[in-house]
Amino acid sequence: MLETFGNVRLKALACALPGRVVKVEAFADRFGAETVARFRQVVGVECFHAANPSQRASDLAEAAARQLLDTGRLEADAIDVLLFVTQTPDAVAPATASLLQGRLGLGSHVFALDLNQGCAGFLAGILTAAHFLQSPEVRNVLLLGGDTLSRLVDPNDHTSAMLFGDAGFAAVLGKGEASWAIASACEASEAITLPHGGHFHMAGTDVFNFTVTRVPEQILRVLEATSGAPDLLLLHQANAFIVRQIARMCRFPSERTPCRIARRGNTSCASLPLLLCDLVAEGVHGRQDALLSAFGVGLTWLTARTVLDFDVCLPPLILPE
């Protein structure tokens with residue numbers, strides 16, 4: 001499905017990372033130095049931020065939201081909908097979104113909703129927010145998200161134990177001059193699973209084949225439906241090899257397809273917002289025509305095109321250990 005929305009603008013964005021940093025070299029005793037070296041070369045991860053035992057995904061998202069509050073980019077009384085995107089909620093019930101509504105001091109009129117979504121969660125949240133913003137009664141949507149997958153991977157599986165980092169984000173979406181074209185699709189698949197009380201599992205070959213076929217097809221479809229080439233192709237930071245492959249298949253220059261997985265790992269639904277905040281920390285600013293694509297559990301994949309104002313994004317916040 002391809003939808004277009006006018007009058008939907010990203011007004012503010014912040015990301016928060018745990019203070020603890022894990023280097024992949026620390027896994028050499030477990031997996032062997034050769035396996036770690038090959039992982040670094042292909043997947044591209046050198047280190048990642050990992051939540052401590054007491055940190056929840058909601059804590060990371062709340063820290064990002066408080067950064068927006070402290071800088072005046074978020075006004076609590078101007079929010080009408082709160083969405084929380086995660087695979088790692090605080091509990092099965094109540095919804096973590098309703099807890100965050102109280103912790104952030106939002107009004108009782110706010111509709112709070114959890115979205116159980118993985119690596120495509122940021123764009124799924126934007127699509128959901130865009131639908132809410134079609135109502136004249138909704139002024140702004142606070143989109144929060146984050147995951148703490150580093151605690152839920154199989155410690156004996158090198159393909160995931162060294163891959164996933166933790167992060168949270170907060171985004172304010174409201175009415176404005178920006179327009180979006182968003183394509184979404186989903187297949188019934190258990191290629192990526194996280195059972196109750198179990199470990200995160202990913203059928204790597206199936207996921208890779210899906211990623212390098214269906215995702216480029218969707219990106220090219222959105223490019224065909226919109227005009228001209230974008231300034232940036234911003235991909236979910238699944239791994240460095242996949243980022244390079246998708247860019248090559250879409251004939252997009254590598255210098256305009258940033259990859260920052262080396263210091264972050266795969267941060268699930270926080271991957272794309274964290275990439276935006278990292279680019280701001282590196283000096284990217286102003287308005288950029290961007291095509292964003294994210295993909296993961298489900299299998300679900302979404303691609304969006306819009307003009308992003310990087311000046312509304314803050315550099316990543318690193319929390320104390």
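Reply: Just after helix H4, Gly 105 takes a positive phi of about 70°; helices (H or I, at least four residues) and strands (E, at least two) are DSSP runs numbered from the N terminus. The model is predicted, so local features need pLDDT of at least 70 and side-chain atom pairs count only at pLDDT 80 or more, whereas totals for chains, interfaces and linings use all residues. Residues are numbered from 1 along each chain as its sequence is written, and side-chain values use heavy atoms, with hydrogens and water left out.

H4 covers residues 96-103, and its buried residues are Thr 96, Ala 97, Leu 100 and Gln 101 (buried: under 20% relative accessible area with a 1.4 Å probe, protein chains only). Seen down the axis of H4, these residues fall within an arc of 150°, so they line one face of the helix; the arc is that of the directions from the helix axis to the C-beta atoms. They pack against helix H3 (57-70) and against strands S5 (81-86), S6 (111-116) and S7 (140-147), contact meaning heavy atoms within 4.5 Å.

Asp 166 lies in the loop between helix H6 (158-161) and strand S8 (167-174). Asp 166 is buried yet has no salt bridge, the nearest side chain of opposite charge, Arg 151, being 5.6 Å away (salt bridge: a side-chain nitrogen of Lys or Arg within 4 Å of a carboxyl oxygen of Asp or Glu; Lys and Arg count as positive, Asp and Glu as negative, and His and the chain ends are not counted). The side chain of Asp 166 reaches the backbone nitrogen of Ala 51 at 2.8 Å.

How values were computed
Buried means under 20% relative accessible area, exposed over 50%, partly exposed in between (1.4 Å probe, protein chains only). A polar contact is a pair of N or O atoms within 3.5 Å; within protein, one must be able to donate a hydrogen and the other to accept it, and residues adjacent in sequence count only if both atoms are side-chain atoms.
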